[in-house]
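Hi there,

Here is the structure I promised to pass on to you. Have a look at it first, and then read my notes below.

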Amino acid sequence: MKKTFSLFIFFISLSVFSQESINFEKGTFKEILAKAKKEKKLVFMDAFAVWCGPCKLMEKNIFPLPAVREYYNSNFINARFDMEKGEGREIAAKYGIRSYPSFLFLNGDGEVVMNSYGYMSEEAFLSVAKEANNPKFRTASNKELFDKGESDPEFLLNMMRLYSDSDYELAKKVSERYFKVKKDQMLTKDEVGLLLYFIKSPGDANYQTFTSKKKEITSLMSEDIYNQFDTNIKISKVLENSLDQKTGTINDEYFYKNAIPLIGKEEAEIALNRMKVILYPTYGNFTGYEKAALKYYNNSDLFEPEELLKAAWMFSEHVSNTGSLKKAEEWAEKSVMRAENPENTYILAKIYSKTGKKENAKMYAELSKTLAESQGKDAAMAKQLLENLK
């Protein structure tokens, strides 16, 4: 009897210990924020969905770990909300949560001071918590700290990312302070990406960083790409003013008049056609796209085959002029010559069918179908083209 009772106690103990985890509050979101504000703590919020595999793994493997539950229970007001039920839907909309699990660290006013997402190891999960658990976050918002002159690079980098979508102008100001603080340090590739994201004109403070660190930046990207970015920055305002947002057309006369003094006639023409190639399809202006693409991709040797293939696809869908389609043949052939795949062989076949080269069209449509089926891809379009060519 004693043995049976001991086993019973042992299994009860196991059950109790197996349930130990992060202590999540049961109240409403408003109540949780109020408690955090009163206790001068941050809220840690696990934003999950019931069908999410990584969410379940975090709950099973990471939340119960002694170091994790001890740190989170001691330092945060913890909360969990299903983002697809009840109050969770409002929270997901408020914070733009689109992937699960998402982990948010909020101050008592509901402002995000740090976030992360996806399955994390014990070390990473504790690391992000310790970074968020900075005493200054408990009593002041990001904006208040920034206004007071906070210049810690990690703080600025985090704030930049937090506000890049919701408040671009604020994030841009934060980025300017960040790159000022980092002026004597080498930039990483990710930092160059952020720098470019927050440059809108040559008058921006970040543009001065871009030009002063040209040698450093061109060690991370080619000088041609650097110069292309430089050109786009210089004429961005001119392009914006020359574009009719309603019709999607560009006033060439206005553009040339204002762009040529900045970058010269040849660069202005290249830049104008490049922007038409990018913009016109989104407005359904395929006639304008055709003219711009023929000029922009005239010397196809200057472009990567995959970029040319995109133009060839656009022509195969929206262009009927035989002369233009012959140019598209050249673009598609460059991609096929590099490596045959179901997509480029189909595009080439379709262009051949529009230029009257029926036998070539059949051959490449058949090849597209065979490649698609061998790779487990959808061959429906190639099959339909073969039916049309009978």
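Let me start with a term you will need: a residue is buried when its relative accessible area is under 20%, exposed when it is over 50%, and partly exposed in between (1.4 Å probe, protein chains only). Please keep in mind that this is a predicted model, in which local features need pLDDT of at least 70 and side-chain atom pairs count only at pLDDT 80 or more, while totals for chains, interfaces and linings use all residues. Residues are numbered from 1 along each chain as its sequence is written, and side-chain values use heavy atoms, with hydrogens and water left out.

Now to the salt bridges. The term stands for a side-chain nitrogen of Lys or Arg within 4 Å of a carboxyl oxygen of Asp or Glu, and the count by this rule is 25. One of them links glutamate 366 with lysine 369, at 3.5 Å from N to O. Both residues sit in helix H21 (residues 358-374), three residues apart, which is about one turn of the helix. Helices (H or I, at least four residues) and strands (E, at least two) are DSSP runs, numbered from the N terminus. Glutamate 366 is partly exposed at 36% relative accessible area, whereas lysine 369 has 18% and counts as buried. Shared partners join Glu366, Lys369, Glu373 and Lys383 into one salt-bridge network.

Another salt bridge pairs glutamate 20 with arginine 69, at 2.8 Å from N to O. Glutamate 20 is in the loop between helix H1 (2-18) and H2, and arginine 69 is in helix H4 (residues 66-75), so this pair ties together parts 49 residues apart in sequence.

Next, the inside of the protein. A nonpolar core is a set of buried Ala, Val, Leu, Ile, Met, Phe, Trp, Tyr and Cys residues joined through side-chain atoms within 4.5 Å. The largest one has 74 residues, and Val43, Phe44 and Phe210 are among those with the most contacts inside it. Helix H9 (residues 153-163) gives the most to this core, with seven residues. A second, separate core has 46 residues, including Ile235 and Leu308.

Finally, two backbone details. Most residues other than glycine have a negative phi, and most peptide bonds are trans. Lysine 40, however, has a positive phi near 55°, and the peptide bond from tyrosine 100 to proline 101 is cis, with omega near -10°. Proline 101 is in the loop between helix H5 (87-95) and strand E3 (102-106).

Happy exploring!
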